[in-house]
Amino acid sequence: MRAALALAGEAGAAGEVPIGAVVVHEGRIVGQGFNQPISANDPTAHAEVVALRAAAQSMGNYRLTGATLYVTVEPCLMCVGAMVHARIGLVVFGAPEPKAGALLSMTSAHELPGLNHRLSALGGVLEEDCRTVLQRFFQQRR
């Protein structure tokens, strides 16, 4: 999660919402990313999706079976869908996202009955640190 927090800092420095993500497989980081929809002009360039793309390239396979994705903020519906398609085994997030979080807060999208893959979710890891990064970013923008 600390690596994801460092990436969140890079996103914030670039003027993006400070969210970072890393994909870990067999104890090593195989993909990483931070939010960049503004700079990339890409609505799908959330930290999780960027990290999943990098991991798939690194591993030579879009199926990331057995991998864990760490992200500083609870993922949205789009990102949870991408994780399901990538066959992520576990997603670990820091701060909950009350308005759009799709693992716990708004919905539990990863538990929908029609999905062909199940992933586990764990929230609250370094939650205060993750929340502080977001709060400082938005305080500075006001």
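Contact means heavy atoms within 4.5 Å. The model is predicted, with local features needing pLDDT of at least 70 and side-chain atom pairs counting only at pLDDT 80 or more, while totals for chains, interfaces and linings use all residues. Residues are numbered from 1 along each chain as its sequence is written, and side-chain values use heavy atoms, leaving out hydrogens and water.

View 1. Helices (H or I, at least four residues) and strands (E, at least two) are DSSP runs, numbered from the N terminus. Cys 130, Leu 134 and Phe 137 of H5 are buried. They lie on the same side of H5, because they cover an arc of only 60 degrees around the axis; the arc is that of the directions from the helix axis to the C-beta atoms. Buried means under 20% relative accessible area, exposed over 50%, and partly exposed in between (1.4 Å probe, protein chains only). The face turned away from the buried side carries the exposed Arg 136, Gln 139 and Gln 140. Helix H1 (2-13), strand S3 (68-73) and strand S4 (90-95) are what the buried residues of H5 pack against.

**View 2. The largest nonpolar core.** A nonpolar core is a set of buried Ala, Val, Leu, Ile, Met, Phe, Trp, Tyr and Cys residues joined through side-chain atoms within 4.5 Å. The largest has 28 residues, and among those touching the most other members are Val 23, Leu 52 and Met 83. A second, separate core of six residues includes Met 1 and Val 92.

**View 3. Thr 68 in strand S3.** Thr 68 belongs to strand S3 and is buried, at a relative accessible area of 15%. Beyond neighbours within four places in sequence, Thr 68 contacts Val 22, Val 23, Val 24, Leu 90 and Val 92.
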